[in-house]
Amino acid sequence: MLDEAFGEARANELITRLSAALRVRPFDFIRKADSSQVVSFLQNEHPQTIALILSYLEPKQSALVLSSLPFEKQANVITRIANMGATSHEYVKDTERVLEQKLASMLMGTQTIAGGIDSLVLILNSVDRGTEKRLLGTLEQLDPELAEEVKNRMFVFEDITKLTNQAIQRVLREIDNRDLAIALKTAGKEVTKAIFDNISKRLQEMITEDMEFMGPIRVRDVEEAQQKIVNVIRRLDDAGEIIISRSQEDELVV
């Protein structure tokens with residue numbers, strides 16, 4: 001039908017432009033803007049509006065914007081991001097129209113899922129350490145259970161491979177050998193190697209024997225043992241005894 005109405009060349013051009021429009025994510029006009037402009041633009045917006053927008057931006061850009069907001073608004077925004085679920089397509093479109101005075105994109109489907117704890121974790125992993133600790137502290141006061149879940153997702157057992165050998169050795173001094181054996185029961189090769197590279201040959205043999213002779217272990221028990229190790233890592237990180245690398249841009253001063 002398009003061929004008949006516009007001709008083949010024009011029809012192909014229209015289809016290409018429409019396909020490109022459908023691929024545009026919401027708030028693309030903000031994503032392309034300078035972060036300082038975005039901060040000025042959002043300063044006086046309602047926290048729910050800011051939370052929605054930050055959920056769609058790249059984590060690094062969201063982190064810059066979040067860090068520049070007044071502290072009271074930061075706490076309000078991160079709580080709304082974490083608790084955000086599915087947002088209706090119409091609401092997203094209306095918000096775009098109000099903020100940009102025109103429709104920024106056309107989306108398929110009736111709902112757009114944004115926000116949630118995973119989105120907040122990505123943002124918090126991109127802010128500086130001081131901002132992260134301050135925001136998590138505030139979140140603990142507002143919603144302790146939510147704060148604990150966010151913390152648990154910010155560093156998981158498999159992230160041990162991101163620690164330096166020195167940090168792993170410091171962590172292992174706090175871990176019971178049986179807990180370590182249980183935790184490694186379902187661990188991948190990279191995690192096991194990271195641990196074994198930092199313990200003696202004799203201890204490697206002991207843990208391997210424990211893993212072989214302990215028989216089947218409940219998944220819940222394995223997860224509890226892994227969480228014990230994660231809790232030690234978080235405690236040592238909070239105390240400044242080890243450093244958790246939060247991005248590829250983190251640098252260590254030698």
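Predicted model: local features only at pLDDT ≥ 70, side-chain atom pairs only at ≥ 80, totals over all residues.
## The lining of the largest cavity

Let's start inside the protein. Ile160, Leu163, Ile168, Val171, Leu172, Ile195, Ile229 and Ile233 line the largest cavity. By class, the lining has eight nonpolar residues, with no polar and no charged ones.

Which elements give two or more residues to this lining? They are α12, covering 165-172, and α16, covering 219-238. Of these, α12 provides the largest share of the lining, with three residues.

## Cavity count and volume

How many cavities of 30 Å³ or more turn up when the whole structure is searched? The search finds one. The largest cavity holds about 30 Å³ of space.

## Helix α7 against helix α9

Now for a pair of helices. Two packed helices are described by the distance between their axes and by the angle between them. Here, helix α7 (residues 71-83) and helix α9 (residues 117-124) have axes that come within 6 Å and cross at roughly 140 degrees.

## Residues at the helix contact

Which residues of α7 and α9 meet? From α7 come Ile78, Ile81 and Ala82, and on the α9 side they meet Ile117, Ser119, Leu120 and Ile123. Sorted by class, this contact of α7 with α9 has six nonpolar residues and one polar residue, and no charged ones.

Notes. Residues numbered from 1 in each chain as written. Heavy atoms only, no water. Axes fitted to C-alpha atoms, helices over the stretch in contact; angles between N-to-C directions. Helix = DSSP H or I, 4+ residues; strand = E, 2+ residues; numbered from the N terminus. Contact = heavy atoms within 4.5 Å. Nonpolar A, V, L, I, M, F, W, Y, C, P; charged D, E, K, R; others polar. 1 Å grid on protein atoms, 1.4 Å probe; cavity = no way out; pocket = protein on both sides within 12 Å on 5 of 7 lines; lining within 4 Å. Points joined across faces, edges and corners; volume = space filled by probe spheres on them.
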